[in-house]
Amino acid sequence: MRYTLFETAIGRCALAWSERGITRMRLPGATEAETEASVARYGARASTSEPAFVAEAITALDAYFLGTDVDLGAVPLDADGVPAFHAAVYRALREVPRGGTVTYGALAEQVGQPGAARAVGVAMGRNPWPVIVPCHRVLASGGKMGGFSAPGGTSTKERLLALEGVRVGDPVLPGLFD
């Protein structure tokens, strides 16, 4: 595995990858060293050049953080070691469009596990690809914020949603998975 740091409108982010796809995405930490350490601890080594799919992901993420409507659904992910339930939740979540939101409960139902909203919350907290797998689009019932484990916590979640034109408290997208 390799990783690189890259500058965005919200600060220095990191991507780690294997030959199969992105293994980790990290939003800016309090310091660049913190951001770098968060991807290096998984065995990735710094790289001075990236394969085309990583360069394309960086370009798309940079545009996203500038407020551009970009499709991150084509970014290849390496889900090796991701539990099956989490992988199913992440696949379903990648279907939630920019500017849309969904509840933890609706995601649980979508993956055939009604009543597993808390398990979806655990999956969101362990999401190795924030923004690429848009866990910021998952809200608690009633359109409430819910948690966000990335650096900056719920204020970062609110910022990401605002980039997409969503205000917390707006209605959750009805019938998203119908």
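Modeller: Quick ground rules: this is a predicted model, where local features need pLDDT of at least 70, side-chain atom pairs count only at pLDDT 80 or more, and totals for chains, interfaces and linings use all residues. Residues are numbered from 1 along each chain as its sequence is written, and side-chain values use heavy atoms, with hydrogens and water left out.

Biologist: Is Cys-13 buried or exposed?

Modeller: The cut-offs for relative accessible area are under 20% for buried, over 50% for exposed and partly exposed in between, using a 1.4 Å probe and protein chains only. Cys-13 has 0% relative accessibility, so Cys-13 counts as buried.

Biologist: Which residue forms a salt bridge with Glu-164?

Modeller: A salt bridge needs a side-chain nitrogen of Lys or Arg within 4 Å of a carboxyl oxygen of Asp or Glu. Glu-164 is buried at 9% relative accessibility. Its closest N and O contact in the bridge is 2.9 Å, and the partner is Arg-137.

Biologist: How many residues apart in sequence are the parts that Asp-80 and Arg-20 tie together?

Modeller: Their side chains meet in a salt bridge at 3.9 Å, N to O. Asp-80 lies in a loop between two helices and Arg-20 in a loop between two strands, so the pair ties together parts whose separation in sequence is 60 residues.

Definitions and conventions
Helix = DSSP H or I, 4+ residues; strand = E, 2+ residues; numbered from the N terminus.
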